[in-house]
Amino acid sequence: MKTPGYEDWYTQVKHYTTRLVNIRSVSPGQGEIDVAHETLNMLQEDGLEHAFTAIGLDPVVGDACSRQNACAFLLGQSPQTVILLGHIDTVDTKDYGTLEPFALDPAALAARQLALADIAPGVAEDLREHPDDWMFGRGSVDMKSGVAVNIAVMRHMAALAREGKLALSVVFIATPDEENESAGVLQAVQYLLRLREEYHLSYLGAINTDYTTALYAGDPHRYIYTGSVGKLLPTFLVIGHATHVGEPFDGLDANLLAAELIRDVSMNDALCDDVRGQRTPPPVTLKASDLKTNYDVQVPIAAYFYLNVLTFSTTPAQLLERLCGYAQAALERVLQRKIEVERRWASNHQLARHPRSGIVLTYAELYEEVEQQIGQERMQTEITAAWNSMPEALDSRGRCLHLARHLWTFSGEKGPAIILYYSPPFIPHIAEMPCLLHSVARTIAEVHPELQLKVQEYFPFISDMSYLRLGRGFETAALTANIPTWQQGKASHPGEYHLPLDAIQELDLPVINLGPYGKGAHQAGERALMSYSFGILPQLLYEVIETLAGEIQANVKL
Ligand SMILES: [Zn+2]
């Protein structure tokens with residue numbers, strides 16, 4: 001059977017991308033179900049109905065929207081298996097403004113390129129540089145073109161399998177919810193473990209085909225990534241000490257303490273990870289607020305904020321320890337400052353008495369302390385009471401805060417204090433590892449100097465890929481004991497947070513990201529460079545798989 005050439009790939013991938021973009025699949029929503037069905041149709045249509053070893057929808061267990069992954073499996077001559085991965089959901093289309101009615105219609109947007117260039121930065125320049133080579137539309141590059149590439153390559157391999165000529169085995173999984181809470185890929189983890197057992201497979205790793213873009217102005221490279229950035233969301237519950245505004249030295253303004261700490265940790269490059277020449281962006285807050293609900297003339301007793309921390313290597317335990325250090329220092333500084341101000345202000349008056357010291361605790365420490373005071377049984381009753389008193393509208397950050405405040409109140413401790421914990425989501429980082437998949441990715445980059453392919457370790461965006469691997473030595477407890485809503489054992493409260501950490505550790509896949517190239521993901525100017533994404537990328541993906549197959553066959557012969 002003839003291997004498709006550039007023109008064949010281009011035509012097919014453009015066709016599939018257009019059909020996928022046409023389906024609205026904003027996460028979470030019904031459209032994600034429609035696009036999963038259409039993905040299966042595309043894999044099987046035109047005579048490939050019976051070419052797959054297994055194909056169908058795998059329901060996301062417990063999903064409120066009843067979404068499913070679209071899965072296809074081809075058992076080849078070897079149980080060595082490569083996994084292709086892509087997400088079929090998108091972010092919303094409101095950012096298109098007056099062009100929103102055309103957001104899912106690449107042809108209509110192409111006819112309105114000038115209007116698009118007015119609202120989207122960089123479009124005019126890109127059109128000058130590569131005229132007629134951009135496909136616009138929501139999902140064009142993030143990442144329906146990536147899914148389309150997987151479909152085209154998978155179809156070619158299905159045809160090979162039918163002739164008994166498929167050297168290795170291949171799985172393709174298209175997931176919903178990537179732009180939201182990654183429910184699809186977390187389901188895929190279970191599916192992959194099941195499939196591995198059922199067919200006695202050995203996984204070479206997963207190839208994700210998500211969005212890639214220029215990393216700096218004028219960047220000529222196309223990137224292949226062998227790992228991924230991760231993310232933690234440390235959260236600080238800051239407790240002051242109540243007092244009337246007329247007598248500020250008798251208490252402590254929680255906002256002052258929170259502000260002092262935010263100043264120390266937000267945009268602090270000492271908290272960046274620096275690994276083999278790549279650096280995470282510094283942390284920033286995503287939310288900061290006091291916890292007053294109405295106007296009064298007391299200083300705020302409590303405030304909280306959460307900090308977005310991107311990671312390449314820092315573990316939950318390490319980050320918590322460092323942030324406790326910052327919290328302790330900020331607390332001491334604020335109290336010291338208060339004493340100094342009071343000395344100046346009061347001159348020879350008598351100094352106020354409260355408060356002169358405070359405490360910094362992790363959620364796990366606070367939990368243990370309270371449990372020792374009141375015993376395990378009463379502790380469970382109290383936690384259940386806190387869950388029951390939770391307003392329904394809270395999101396997962398709000399639920400954590402509710403539990404942390406409840407526990408603090410119940411401890412009987414007095415402020416000032418800073419309680420540190422993690423809010424969802426937790427997204428693991430993945431480092432490169434010695435494996436066949438990564439060495440093949442490097443080989444492919446080397447044999448195509450004309451494409452300026454560059455292999456980098458950490459994919460810079462949050463993606464589904466993160467949930468496919470968790471180092472064996474990962475200390476689960478430092479994370480789970482510090483997420484207030486973490487589900488202990490079987491689910492007992494709606495809204496609990498859970499990740500199948502054991503299953504991810506068991507799967508432990510090497511990953512690469514080899515995706516379409518474009519610009520403006522999550523913006524109205526979203527666009528895919530068609531020549532690369534439709535014509536070149538499928539060929540590269542196919543070459544990676546062929547090279548893997550060649551290596552395996554060579555090893556068998558040895
Ligand atoms: Zn994406």
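Two residues are in contact here when heavy atoms of each lie within 4.5 Å. The structure described below is a predicted model.

## Ile 419 and Phe 236

Leaving aside neighbours within four places in sequence, Ile 419 is in contact with Thr 235, Phe 236, Leu 237, Ile 239, Leu 361, Thr 362, Tyr 363, Leu 366 and Trp 408. Ile 419 belongs to strand β15, which covers residues 417-422. Because its relative accessibility is 0%, Ile 419 counts as buried.

One of the contacts of Ile 419 is Phe 236. Along the chain these two residues are 183 residues apart, yet their C-alpha atoms are separated by 5.7 Å. Phe 236 is part of strand β9, residues 234-239. Phe 236 is buried as well, since its relative accessible area is 0%. When neighbours within four places in sequence are set aside, the residues in contact with Phe 236 include Leu 261, Ala 303, Tyr 304, Phe 305, Leu 307 and Leu 323. Ile 418, Ile 419 and Leu 420 are also among the contacts of Phe 236.

Distant parts of the chain are linked by the pair His 87 and Asp 210, which are 123 residues apart. His 87 lies in strand β3 (residues 80-87), and Asp 210 lies in the loop between β6 (202-208) and β7 (222-228). His 87 is buried, with a relative accessible area of 2%. Asp 210, at 4% relative accessibility, also counts as buried.

Met 143 is placed in helix α6.

| Helix | Residues | Number of residues | Span, first to last C-alpha | Expected span |
|---|---|---|---|---|
| α6 | 140-162 | 23 residues | 31 Å | 33 Å |
| α9 | 316-346 | 31 residues | 44 Å | 45 Å |

For α6, the reach of 31 Å is close to the expected 33 Å, and for α9 the reach of 44 Å is close to the expected 45 Å. Of the 23 residues of α6, 21 are buried, so this helix is largely enclosed by the rest of the structure. Helix α6 is followed by Gly 164, whose phi is positive, near 70°. Helix α9 is followed by Ser 347, and the phi of Ser 347 is positive too, near 40°.

## The largest pocket

The largest pocket holds about 1,400 Å³ of space. Its lining is made by 47 residues, and those nearest its centre are Asp 177, Glu 181, Ser 182, Ala 183 and Leu 186. Two elements, α7 (183-199) and α12 (396-411), each give two or more residues to this lining. Helix α7 gives the most, with four residues.

## Backbone features in loops

A cis peptide bond joins Gly 415 and Pro 416, with omega at about 0°. Pro 416 is found in the loop between α12 and β15.

Positive phi values also occur in residues other than glycine. Asp 132 has a positive phi of about 60° and sits in the loop between α5 (123-129) and β4 (134-136). At 72% relative accessibility, Asp 132 counts as exposed. The phi of Gln 452 is positive, near 55°, and Gln 452 lies in the loop between α13 (436-446) and β16 (453-459). Gln 452 counts as partly exposed, at 38% relative accessibility.

## Thr 480

Thr 480 lies in helix α14, residues 476-480. With 14% relative accessibility, Thr 480 counts as buried, because buried means under 20% relative accessible area. Not counting residues up to four places away in sequence, Thr 480 touches Trp 486 and Leu 501.

Key: Residues numbered from 1 in each chain as written. Predicted model: local features only at pLDDT ≥ 70, side-chain atom pairs only at ≥ 80, totals over all residues. Heavy atoms only, no water. Expected span 1.5 Å × (residues − 1). Buried < 20%, exposed > 50% of the residue type's maximum accessible area, 1.4 Å probe, protein only. 1 Å grid on protein atoms, 1.4 Å probe; cavity = no way out; pocket = protein on both sides within 12 Å on 5 of 7 lines; lining within 4 Å. Points joined across faces, edges and corners; volume = space filled by probe spheres on them.
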